[in-house]
Every structure is written in C-alpha cells, then in structure tokens.
Amino acid sequence: MNNMVNNQTTLSSFERLKQWPGARYLDNDFLLVESPGKAPFPHNAREMTFILVALCTGGEASYTIDTQEYRVKAGEAVIIGDGHLVDHFAPVGDLDGMCMVLSSEFFSEIICNVSDFSELLLFSRLHPVVSPSKREVEVFKSYFHLLSEKLDDVHNHYRRDVVRTLILALFYDMGSVIYKSVEQQGMRRPRSQQIFTEFIRLVEAHHRHERKVSWYAHQLCLSPKYLSETVKSVSKQSPNEWIERYVVLTIRLMLLRTDKSIKEIADELMFPNQSFLGRYFRTHTGMSPSKFRNS
C-alpha cells in the first residue's frame with residue numbers, strides 16, 4: 001500500500017456521520033452506527049475530530065492511521081482518538097460491525113479525571129486494534145444495544161445523563177480489555193513511544209503547575225528540542241499542544257464537577273489571575289468559563 005498521505009486532507013465531520021444509514025445520535029456529541037460496511041466512506045484522508053470505538057463482527061477492513069497500515073477482522077475492536085489522520089480505508093468481504101463515535105467535548109463531560117483521558121489516549125495511539133474475549137465481545141454488544149434503546153427514547157427527560165453514564169461504564173469495562181491486551185503483547189516499545197508515554201504521564205501529573213516544555217525535558221533528561229521532535233513524530237502534536245490540552249481538560253472538569261469559583265480555579269492552576277484564565281480558556285474553546293459552566 002502506498003504510505004503517502006493524500007494531498008487533500010479533510011477534517012472529519014460529525015454532520016456527515018449523522019447521514020450514514022441507520023445512524024442514531026445525540027446532538028453532535030454521540031453517535032451509533034450498526035453495519036458500518038454500508039456507510040459511504042470517504043476516498044481521501046480525514047483528520048479525526050472525534051473518538052471512534054468500533055467492533056468488527058464480520059469481514060475485514062484495512063486502513064492507515066498516520067500513514068501506518070492496520071487491519072481489523074471479526075472479533076477485534078478498534079479505538080481511534082481525535083487528531084489522527086485516517087486514510088486508505090478498504091473493506092474486505094462482507095464487512096459488518098458496531099461503531100460508536102464521541103465528540104471530544106462530550107468525552108470530557110463523561111470522564112471523571114484526567115487519568116481516564118490518559119489511558120484512552122495512550123492506548124489508542126499505541127494499540128489501535130485489540131482482541132477482546134468472546135465474553136467481552138458480548139458485553140460490548142450489550143452496551144451497544146442498550147445505548148441504541150436509550151438514544152431512541154427521546155421523551156426521557158434524563159436521556160443525555162443516562163447515555164453519558166452508560167458510556168462511562170462501557171469505558172471502565174473496556175479498561176480490563178486494554179490492560180490484558182498490553183500484558184499479552186508484552187513487546188518492547190520503540191524508544192520514541194516510550195518517551196511519549198513517559199511525557200504524557202508527567203503532563204498528567206504536573207500540568208496544573210508546570211507548563212514549560214523545558215521542565216518536562218529536564219525530568220526526562222532530554223533536550224527540549226529532542227523531546228519536541230520525538231513527541232511530534234509519535235503523536236503529530238507538539239508538547240505545548242499536549243500540555244494545553246490537559247490544562248483545558250482540567251478546567252472543563254473543574255467547571256463541570258466542582259462548585260469552585262473561576263478565581264479559585266485560576267489560583268489552583270497557577271494562572272496569574274481570573275482574567276488570564278478566562279482568555280486562555282476562550283482561546284482554546286471559543287467560550288468563556290462562565291458560559292461553558294452554564295451551557
């Protein structure tokens with residue numbers, strides 16, 4: 001397969017996904033599709049702007065993620081995080097399966113802490129295809145069908161909350177699959193992936209107080225330039241972008257899950273003042289902290 005990325009790269013569109021046959025969805029936040037093999041997949045490269053979790057129940061499919069080729073077959077699951085470049089999708093045989101799509105914003109509503117984000121992030125980047133047991137496959141199918149029922153229950157006043165809770169439970173159940181897959185593979189990762197993993201763990205632990213790339217490079221005994229080049233080569237994003245992503249996620253979680261004032265959040269995250277935090281958050285989300293909290 002040609003590993004060159006198509007000249008034209010398009011951002012993936014949630015609105016386009018909602019037009020897939022049989023799609024069930026919750027606003028522009030969550031979507032389910034059964035039998036994705038019937039969907040009109042694009043012919044050019046797409047940059048993922050959402051999180052995709054899918055189970056292949058029949059046939060096979062080949063595709064590339066960031067120019068690296070993968071193949072998924074019946075009984076295997078796929079996890080693709082946002083920010084990846086997906087291309088060269090080609091179904092083989094009678095492709096069938098179940099597909100879940102979440103917006104990054106909705107995922108930040110669902111998770112309880114940044115470590116949940118880290119686990120999915122690292123796993124989806126380093127292990128995009130997993131092989132669950134037969135029992136785990138049936139558990140995934142049960143969640144899928146239950147979520148389908150809840151999405152159809154449009155008169156349920158708590159529909160969004162029910163869907164959110166079920167997705168969180170699904171992700172925690174998937175945790176055992178993730179850890180088991182890592183143990184089974186047991187292979188030594190390339191040095192670049194080890195550095196990326198160590199960097200993300202450090203960011204997860206220290207982003208509330210440390211936001212300089214040089215600090216993280218020092219902890220890893222690397223030069224800032226080498227760290228930046230390595231993280232960029234593995235993840236297609238710079239260290240600064242990852243640090244900002246964690247900071248914004250933490251602000252979101254504190255706004256959603258605590259009663260702390262914006263000033264208290266600014267103090268806790270070591271911002272000079274409340275106004276600075278407000279400008280920072282607006283730059284990365286397009287809305288003020290107050291508007292986000294009340295939305």
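**Pocket lining and salt bridges in the predicted model**

The residues lining the largest pocket divide into 14 nonpolar, 11 polar and 12 charged, where Ala, Val, Leu, Ile, Met, Phe, Trp, Tyr, Cys and Pro count as nonpolar, Asp, Glu, Lys and Arg as charged, and the others, Gly among them, as polar. The model is predicted, and local features therefore need pLDDT of at least 70 and side-chain atom pairs count only at pLDDT 80 or more, whereas totals for chains, interfaces and linings use all residues. Residues are numbered from 1 along each chain as its sequence is written, and side-chain values use heavy atoms, with hydrogens and water left out.

The lining of the largest pocket comprises 37 residues, of which Asp82, Ser104, Glu105, Arg245 and Arg252 lie nearest its centre; a pocket is here an open set of points on a 1 Å grid over the protein atoms alone, where a 1.4 Å probe fits, with protein on both sides within 12 Å along at least five of seven lines, and lining residues have an atom within 4 Å of a point. Two or more residues each are given to this lining by helices H2 (104–110), H3 (114–126), H5 (159–185), H9 (239–257) and H11 (274–285), helices being DSSP runs (H or I) of at least four residues and strands runs (E) of at least two, numbered from the N terminus. Helix H9 gives the most, with 9 residues. The volume of the largest pocket is about 1100 Å³, taken as the space filled by probe spheres set on the points, which are joined across faces, edges and corners.

The structure holds 14 salt bridges, each a side-chain nitrogen of Lys or Arg within 4 Å of a carboxyl oxygen of Asp or Glu. One of them joins Glu60 to Arg71, with the closest N and O atoms 2.9 Å apart. Glu60 lies in strand S5 (residues 50–65) and Arg71 in strand S6 (residues 68–73), so the pair ties together parts that are 11 residues apart in sequence. Glu60 is partly exposed, at 27% relative accessible area, as is Arg71, at 44%; buried means under 20%, exposed over 50% and partly exposed in between (1.4 Å probe, protein chains only).

Lys73 forms a salt bridge with Glu76, also with closest N and O atoms 2.9 Å apart; Lys73 is partly exposed at 42%, whereas Glu76 is buried at 10%. In the salt bridge between Asp161 and Arg164, the closest N and O atoms are 2.3 Å apart, and the two residues, 3 apart in helix H5, are separated by about one helical turn. Salt bridges that share partners join Asp27, Asp29, Glu109, Arg160, Asp161 and Arg164 into one network.
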